[in-house]
Structures are given as structure tokens and as C-alpha cells.
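User: I would like to learn how to read this model, one feature at a time. Please give the idea, then the case.

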Amino acid sequence: MKRLTIDFTVGVFVLIGIICVAFLSLKVANTSNISNASNGSYSISAAFTNIGSLKITAPVKVSGFVVGRVTNIYLDPKTYQAVVVMDINNAYKFTTDTSAQILTVGLLGEQYVSLQSGASDTYLKNKDKITLTSSALVIEDLIGKFMTNINNKQ
Amino acid sequence: MNEKIINFTRQLGHPFAEFILTLGSIIRLLIDIILNLPFALKNIFLIIKGIHFCGVKSIVIIAVSGWFVGMVLGLQGYNTLNRFGSISVLGSVVALTLLRELGPVLTAILFAARAGSGITAELGLMKATEQLDAMSVMAVNPIRRLIVPKFIAGIISVPLLTALFIVAGILGGYFVGVIILHLDSGTFWSQMRDSVNLHDDVYNGLFKSFIFGISVTLISVYQGFMAKPTAEGVSVATTKTVVVSALTVLALDYVLTALMF
């Protein structure tokens, strides 16, 4: 085979390989990291009495729309509450009386943080804390409550 | 009788000693190759020829196998997930399986069968027909001239072929899931993007295939270089390449998976 043909086919092969790698990195993998968003991000935190099985990188949603991600979870040693740190896209501002809730996708799906904006005039800034929180729904607790209700009625 | 027992006991240790000897000479060959890397870069065309042999000619088999593996994953995943009512995660099942395990492992095994055996046969035959000795007589270093270019070509080809395999597999899964079984195309891709992590899954998978590329090519080159210079020796070496490569890849895969994920 001629040298030119070999050079050409090898070039095509390497090109196909690079296109495949690019496809995997851009189309298949999750590159939409909020902290790398083009307009930057700010972080806010919220303390919950129970976070269920919330994990780092879980989405933060408003009306079902993803506005940020959970970047860190730690236990406050004084109050024994779990503090969830979230990175929020700079494009979205929330009032200081915003409330945070931990919800589940479907019945057994992954957990996420849902924010609901309030009516205040002042907005949350970087490193601010959300004070209105409600914890994750734990199925065992629900069943427990349900059982005691039934017993009370009888 | 006594003699027989002594001989038997001696032979028990023989395979183990042989294994250690082989390991030692493979490592010596690897060091030889690494020391000769700079010289091989002077003649780029030999490397390109190698890539043509083990990469370009493997495109079709890799793409077709990837496509069918993806289709099987899509079908099996669909049937199993359907029982739990969670067919929406089919996309991420197909993508993660291919990226983490099946892509690197199957590509390496197919590469060993398609290109590795070819490298071994070529080198073995050159040895049998005394071409290697002729080269040494002409003061041409066979490692520099023959082995290093093939080695570099294999290392470059395997990760690229793996990427091709994975993409073909994902498209095969897409074909079965979305076009034949009428899953929603948006759910398929978005579930995939939600669960696949660029660094953990894509880069680790390609790194795995890079390691597999090194080991498969090294084994093929070694078997060819060390083959007995007879027709039978070449055939034994070719078989050994495929068997040893497959075993090495599967064993290494466990170790790498345990380290990575």
C-alpha cells in the first residue's frame, strides 16, 4: 500500500477516535457543573434536623428547575443539625425568608433540596444561611405515625 | 520408584519457576522498550504503519461488536428494568456498563485476538526465518526497529478503539431502547448525563484501556520475540498471546476497578 494511503487512513482513524472521546465527554458525561457556570455561583447553607439520604452533588431545585448543587454536608457540633452547603448559580437570587425542603424524586428516587422564595425585600448573599427548613421525609417515621393513628382510633 | 517421586516433586515447582522467569523477562523487555523509545520516535512512519495495522484494520470489528453489545445491553436492561417500572434509567445503565467495564475489557480482548495475534505471528515468523538475526548482523537493533514502533502503535490505538466501542455501544443501546422499544429519547440522554461523571467514568474508563493497551501489546510483542523459531513455535506463541492477554486483562480489570471506583 502507498505511504499516502496509509497516512490518510491513520489520520481518519485518529480523527474518529478523537470524535468519539469528544462525544463521550460532551454528550454522555455530566459537564454542567454549576460551580463552573459562566456567570459564577454563590454558596448558601441551610441546617436540617434530618437530611435523609441527601448526597453531595444532589441538585437544588426551584419549581423543579435545577439552580444549583449541594457541595458539602457536615454536622454542626453545637446544635447536632446537618448543615447542607449549596452552590447556586449567580443568575438566581433568593429572598432572606426563602425556605428549604428536602424532597424525593418519585417514591424511592434520589433526594434533592427544594427552595421556595419568600416575600422579603432583601436577598441572600454569599455564605448566608437559610433559617426556614423542613427535614427529609423518612418513610419509617411516616409508617410509625400512621400506626399510632390507627391505634388511637381503635 | 524413588527416582519417580523425586522427579514428580521437582516438576511441581517447575510451572511456578517458569512463571517467575517469564515475568522477569517481560519486565526486562519493557525496560528495553522504554530505553529505546526516543530512537523509535525518529522514524514516525513505522509507528504510523503500526497504527494502520492494529488500529485502522480493527475499526470495523470493534464498531460492529460495540454496536451489538450495546443492543444486548439495551434489550436485557429493558426487560429487567421493566419489572421494577424504572425503564427510564436504561440510558445510564447502558452508558455506565460500557464506560466502566465492557468497553475497555472487550476492546482489549478483541484487540488481542485481532491485532495482538498478528503482531506475534509476524515477529515469530521473522524469527523462524532468521530475519531478526539478519537484522542484528546488519547492526540494526530489532527492538528499536520492530518492537518499539509496534508497542507505541498499540498504546495509541487501544484507547481510541475503546472510545469507538463505547460510542458504538451507546448508539446500539439507543437504537434498541428508543427506536425499537419506543422509550423517550430525551429521558434516555438526560438520565445518562445525570449519572455519568466526566472524571470518574469517562477518564477512568479510558485510563483503564490505556493500561490494557500496554499489557496486551507487551504480551504480543514478548510472545513473538520469544517464540521458538519453528512453524509449531509460532502457532503456540500466537495462541498464547490471545489466552494470556485475555486472562491478564480480566485479572487487571478487577484490580483497576477496585482501585478506581
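User: Which residues touch the most other members of the largest nonpolar core?

Analyst: This is a predicted model: local features need pLDDT of at least 70, side-chain atom pairs count only at pLDDT 80 or more, and totals for chains, interfaces and linings use all residues. Residues are numbered from 1 along each chain as its sequence is written, with chains lettered from A and ligands numbered from 1 in the order written. A nonpolar core joins buried Ala, Val, Leu, Ile, Met, Phe, Trp, Tyr and Cys through C-beta atoms within 7 Å. Buried means 20 or more other C-beta atoms within 10 Å. Here the largest core has 70 residues, and Leu24(A), Ala108(B), Ala163(B) and Leu164(B) touch the most other members. Helix α6 (residues 142-180) of chain B gives the most, 18 residues. Another core, apart from it, has 21 residues, including Ala58(A) and Val60(A).

User: What does Leu164(B) contact beyond four places in sequence?

Analyst: Contact means C-beta atoms, placed from the backbone, within 7 Å. Leu164(B) contacts Ile16(A), Gly17(A), Cys20(A), Ile59(B), Ile62(B), Ala63(B) and Gly66(B).

User: How many residues of chain A are in contact with chain B?

Analyst: 18 residues of chain A contact 23 of chain B. The chain A side has eleven nonpolar, five polar and two charged residues.

Technical notes:
Contact = placed C-beta atoms within 7 Å. Nonpolar A, V, L, I, M, F, W, Y, C, P; charged D, E, K, R; others polar. Buried ≥ 20, exposed ≤ 12 C-beta atoms within 10 Å, placed from the backbone. Helix = DSSP H or I, 4+ residues; strand = E, 2+ residues; numbered from the N terminus.
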